[in-house]
Amino acid sequence: RVGDGLPSRVSEGSVKKQRLVSLDCFRGLVIFGMVFVNYQPSCGFPLFLHPSWTGLSFADLVFPSFLFAMGMSIPFALTGPIRWFKFWRRVLMLFLLGLFVNEFPFVDFWRGKFGVFFENIRLMGVLQRLAVCYAFTAILFELLLKNSVRVARESGGQPDFGRLLGIPALSAAVLLSIYSGVLFELCVPSVEDEECGRGVLTPKCSAEGFVDRKLFGSSHLYRQSKYFDPEGALSTLTACLNCILGMMVGVHIRLGGRTKELLGGEGANRFLSVCVWMIGTFCLIVFGLFLWNFFPISKQIWTPPFAFITGGASLSTFAVCFFLLDALPQSRTAQSSVEVPSQSGQLEVKIQARGETAESCGEAKDLIQDQSHGLHQLLLTQKERNDEQGRKQSNGGSVPTSGRSTRGQEGNLFLLQERREGCESREGP
């Protein structure tokens, strides 16, 4: 065991989990965009207003970017054994919070007018869609992809690309098939004075609206439209595509700590990953424009062209953030140098501690073992040196001691031991 004879733990807060700065920056940009779009002047700017039915504007990029960021965080959040009760509790709380947000401005909770609340409550919404997409993507990762990621990271070999790329692609194809089949093959009866049928994509006659009215009822849809809900059931299927895309990027980053062909290397390797993402952006946008021949671009019913074009925009924005914040610096690792005098001169030890999120548990153990062994030997050498200096002082000498340097080495050894214990607890037995 590393550090036998030394305290097994360090003070709380001495070890910080390294964060992906580019993802935090991307989230901040999305939140800024949301605030700007929602609280712009009453006259508004055309570029920052949602189109009424079809079309694409800057405002339409905000919600897909939230889904992308949420999906990207899943491979980092679900590293250990999943606690299903806690997982479903989180999903349910997010869904219930969405119900509260939908009705809070319209219902007087304090006077107990809950009859109106239940008669006209809108069942779907932004937070509800986030909850459903998160649940679907997290279950997909946990049951079908997580083990492949773990094996690739611990073994250091080639990942199972057929599984890691094929399963998300197959899932996306199934979702698109269900969405397209219902959208174009479901015969919608006439609504009021408008003649409907199959494949009529108007607010009154779309299959999205018909499914929402049958599932939820007209009184439980979006208040500004009694015919459809912009966060309805059918369009939630294609909204999951943005979340799956983010998850694939997160898996890419998670694998990078062990695989040179993927993300996580230094310098040119990281730049290469940014180039790959930019090529992916181009492919997504081109494919979305191709699908434009068969579907309109519409956020209201979240058509496939809208999902792929906004997914490409989210990917390119994150790639720029990653390039500026994580790829340009040659190393974002914490580095420290400890210089210790010895009988033969100066002994220098340089400790390079890579972040926990950029390496597997197996690699962390090997790295920590090597570094802690060197530190432990250095610590013993320093103590012998201090004892010799103490004897000289007792004989009337004036050689200063270096207890501060020794304490610094002990702190480094404690830090390495703490990282190893945290890694073991996170990976499980």
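Helix α8 has 23 residues and spans 33 Å from its first C-alpha to its last, close to the 33 Å expected at 1.5 Å a residue. The model is predicted. Of the 23 residues of α8, 20 are buried, so the helix is largely enclosed by the rest of the structure.

Helix α8 also belongs to the account of the core. The largest nonpolar core has 75 residues. Twelve of them come from α8 (residues 233–255), the largest share of this core. The residues with the most contacts inside the core are Leu-67, Phe-68, Phe-141, Val-249, Trp-277 and Phe-318. Val-249 shows what such contacts look like. Leaving aside residues up to four places away in sequence, Val-249 touches Phe-68, Met-72, Trp-277, Leu-315 and Phe-318. In soluble globular proteins, nonpolar side chains tend to be buried together.

The overall fold was examined next. The protein chain has twelve helices and two strands. Along the sequence, these elements follow the pattern α-α-α-α-α-α-α-α-α-α-β-β-α-α. Of the 429 residues of the chain, 46% count as buried. Among contacts with a separation of 6 or more, 70% are between residues 24 or more positions apart. The chain exposes about 22300 Å². Carbon and sulfur atoms supply 62% of that area.

Ile-31 is located in helix α1, which covers residues 21–38. An α-helix has 3.6 residues a turn, so residues three or four places apart point the same way.

One backbone feature stands apart. Trp-302 is not a glycine, yet its phi is positive, at about 45 degrees. Most residues other than glycine have a negative phi. Trp-302 lies in the loop between α9 (268–291) and α10 (304–327). The cut-off for a buried residue is under 20%.

Two of the residues described here can be set side by side.

Notes
Residues are numbered from 1 along each chain as its sequence is written. This is a predicted model: local features need pLDDT of at least 70, side-chain atom pairs count only at pLDDT 80 or more; totals for chains, interfaces and linings use all residues. Side-chain values use heavy atoms; hydrogens and water are left out. Helices (H or I, at least four residues) and strands (E, at least two) are DSSP runs, numbered from the N terminus. Buried means under 20% relative accessible area, exposed over 50%, partly exposed in between (1.4 Å probe, protein chains only). Contact means heavy atoms within 4.5 Å. Accessible areas come from the Shrake-Rupley method with a 1.4 Å probe; for residues, only the protein chains shown count as cover. A nonpolar core is a set of buried Ala, Val, Leu, Ile, Met, Phe, Trp, Tyr and Cys residues joined through side-chain atoms within 4.5 Å. The expected span of a helix is 1.5 Å times one less than its number of residues.
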